[in-house]
Amino acid sequence: MTGEPGFEQELVDRYTARLLALARRELPDRVRQRVDPEDLVQSVYRSFFQRLSEGRFSFADSGDLWRLLAAMTFQRVRKAVRFHQQQRRDVRREQRLPRNRRLLRRNAPKSLSTNRAHRTWSNSSTRSNAS
């Protein structure tokens with residue numbers, strides 16, 4: 001397989017559409033907002049070609065190759081989903097911002113007055129510490 005010139009491009013041309021379809025199907029919508037299925041497939045190819053150059057694979061037919069690439073893609077998707085659903089990164093906790101600007105202003109923190117008070121207090125405590 002590796003002895004044929006141009007086999008890499010032939011392999012990519014042959015399997016990319018199917019691998020992308022698999023990644024898109026398996027990635028939940030919310031995770032897909034953070035992770036591009038194309039990036040996952042590229043990562044699969046990078047890992048595959050690296051391992052292939054190390055002689056870690058041998059294939060009896062193209063069905064074996066497809067099964068391997070599909071399994072690698074599926075595992076890469078599962079890993080991305082786990083990563084983006086852990087604790088503080090959990091995409092399921094995300095909420096959309098309201099579109100109404102009045103709601104945004106009403107819910108915005110009163111940072112201006114708080115910041116002024118904090119700066120005034122900070123400046124006075126800095127001056128008193130410097131004395």
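In helix α3, the buried residues (under 20% relative accessible area, with exposed meaning over 50% and partly exposed in between, for a 1.4 Å probe and protein chains only) are Pro-37, Leu-40, Val-41, Ser-43, Val-44, Tyr-45, Ser-47, Phe-48 and Leu-52. These buried residues of α3 pack against α1, α2 (29–32) and α4, where contact means heavy atoms within 4.5 Å. The model is predicted: local features need pLDDT of at least 70, side-chain atom pairs count only at pLDDT 80 or more, and totals for chains, interfaces and linings use all residues. Residues are numbered from 1 along each chain as its sequence is written, and side-chain values use heavy atoms, with hydrogens and water left out.

The protein chain holds six helices and zero strands, in the sequence pattern α-α-α-α-α-α. Helices (H or I, at least four residues) and strands (E, at least two) are DSSP runs, numbered from the N terminus. Of the 131 residues in the protein chain, 24% are buried. Among contacts between residues at least 6 apart in sequence, 67% join residues at least 24 apart.

Two packed helices are described by the angle between their axes and the distance between the axes. Axes are lines fitted to C-alpha atoms, for helices over the stretch in contact, and angles run from 0 to 180 degrees between N-to-C directions.

| Helix pair | Angle | Axis distance |
|---|---|---|
| α3 (residues 37–53) and α4 (residues 62–84) | about 125° | 9 Å |
| α1 (residues 7–26) and α4 | about 35° | 10 Å |
| α1 and α3 | about 140° | 9 Å |

For α3 and α4, packed at about 125°, the angle makes α3 oblique to α4. Angles under 35 degrees count as roughly parallel, over 145 as roughly antiparallel, 65 to 115 as roughly perpendicular and the rest as oblique. The crossing of α3 past α4 is right-handed; a crossing is right-handed if the near helix is turned clockwise from the far one by less than a right angle, and left-handed if anticlockwise. On the α3 side the contact includes Leu-40, Ser-43 and Phe-48, and on the α4 side Leu-65, Met-72 and Ala-80 are among the residues involved. The residues of this contact of α3 with α4 comprise ten nonpolar, three polar and two charged. Here Ala, Val, Leu, Ile, Met, Phe, Trp, Tyr, Cys and Pro count as nonpolar, Asp, Glu, Lys and Arg as charged, and the others, Gly among them, as polar.

Helix α1 also passes α4 in a right-handed crossing. Among the contributors are Leu-11, Arg-14 and Glu-26 of α1, and Trp-66, Phe-74 and Arg-78 of α4. The contact of α1 with α4 has eleven nonpolar, two polar and four charged residues.

Between α1 and α3, at about 140°, the arrangement is oblique and the crossing is right-handed. This contact includes Phe-7, Val-12 and Thr-16 of α1, with Glu-38, Tyr-45 and Phe-49 of α3. Its residues divide into 13 nonpolar, one polar and three charged.

Val-12 lies in helix α1 and is partly exposed, with a relative accessible area of 24%. Not counting residues up to four places away in sequence, Val-12 touches Tyr-45 and Phe-49. The C-alpha atoms of Val-12 and Tyr-45 are separated by 8.0 Å, although these residues are 33 apart along the chain.

In α4, the buried residues include Leu-65, Thr-73 and His-84, and the buried residues of this helix pack against α1, α2 and α3.
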